[in-house]
Amino acid sequence: MASPEIEALTNALARLPGLGPRSARRAVLHLLKKREAALSPLLDALAAVEERLETCRTCGNVDTTNPCSVCADPRRDARSLCVVEEVADLWALERSRLFPGKFHVLGGRLSALEGIRPEDLAIDSLVRRIEQGGVDEVVLAMNATLEGQTTAHYLAERIERFPVRVTQLAHGLPVGGELDYLDEGTLAQALRARRPVA
């Protein structure tokens with residue numbers, strides 16, 4: 001049995017994505033065992049982020065600066081704007097280091113079942129960014145779900161009046177994927193998006 005404080009820490013960690021109760025206990029034991037090397041730096045880092053965490057007023061990213069480090073980077077191509085559902089999607093694309101432009105985080109996706117309407121998302125601010133000019137391409141990087149594709153279709157309709165090229169991420173076969181292991185939806189999308197062999 002652990003003290004109420006240690007149990008509270010374990011329970012707090014267990015609520016994080018990817019950590020269940022057992023993983024949280026292991027993490028807590030590691031932190032307690034390596035107090036100087038692991039626990040103290042973690043607490044310092046959490047305190048610093050908590051004190052300075054902000055939502056970027058330009059794109060909706062979360063960072064310790066406002067505008068965020070992505071929006072403030074002068075090397076970014078402001079003519080290319082990638083629209084994502086969540087901050088996690090922005091971070092995933094950033095890890096790839098393949099997109100040189102700027103981002104816009106919607107804060108979710110349209111969902112009739114969940115009652116998420118266009119006014120619940122950062123769609124109006126996206127339209128205002130495009131309206132200001134300087135954007136040549138809008139990349140709709142929505143998840144390959146019914147809600148994601150519904151959101152992409154809605155966004156395409158909202159911005160079709162602007163002189164911008166609207167593209168979306170390709171969907172289909174993953175690199176290294178074997179046909180036998182893929183679901184029908186992925187195979188259907190791959191067949192619809194087929195292209196000539198170069």
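Is the crossing of α6 and α7 left-handed or right-handed? The crossing is right-handed; a crossing counts as right-handed if the near helix is turned clockwise from the far one by less than a right angle, and as left-handed if anticlockwise.

The model is predicted, and local features need pLDDT of at least 70, side-chain atom pairs count only at pLDDT 80 or more, while totals for chains, interfaces and linings use all residues. Residues are numbered from 1 along each chain as its sequence is written, and side-chain values use heavy atoms, with hydrogens and water left out.

**View 1. Confidence along the protein.** The mean pLDDT of the protein is 92, and 98% of its residues reach 70 or more; pLDDT is the predictor's confidence in each residue, from 0 to 100. Helices (H or I, at least four residues) and strands (E, at least two) are DSSP runs, numbered from the N terminus.

**View 2. Packing of helices α6 and α7.** Helix α6 (residues 123-131) packs against helix α7 (residues 146-159) at an angle of about 40 degrees, and their axes are 11 Å apart. That makes α6 oblique to α7, because angles under 35 degrees count as roughly parallel, over 145 as roughly antiparallel, 65 to 115 as roughly perpendicular and the rest as oblique. Axes are lines fitted to C-alpha atoms, for helices over the stretch in contact, and angles run from 0 to 180 degrees between N-to-C directions. From α6, Ile123, Asp124, Leu126, Val127 and Ile130 meet Tyr154, Leu155, Arg158 and Ile159 of α7, where contact means heavy atoms within 4.5 Å.

**View 3. Surroundings of Cys59.** Cys59 sits in the loop between β1 (54-55) and β2 (62-63). With 2% relative accessibility, Cys59 counts as buried; buried means under 20% relative accessible area, exposed over 50%, partly exposed in between (1.4 Å probe, protein chains only). Leaving aside residues up to four places away in sequence, Cys59 touches Cys68, Cys71, Phe103, His104, Val105 and Arg129.

**View 4. The peptide bond between Asn66 and Pro67.** This bond is cis, with omega of about 5 degrees. Pro67 is in the loop between β2 and α4 (69-72).

**View 5. Backbone at Arg97.** Arg97 is not a glycine, yet its phi is positive, about 55 degrees. Arg97 lies in the loop between α5 (87-96) and β4. Its relative accessibility is 76%, so Arg97 counts as exposed.
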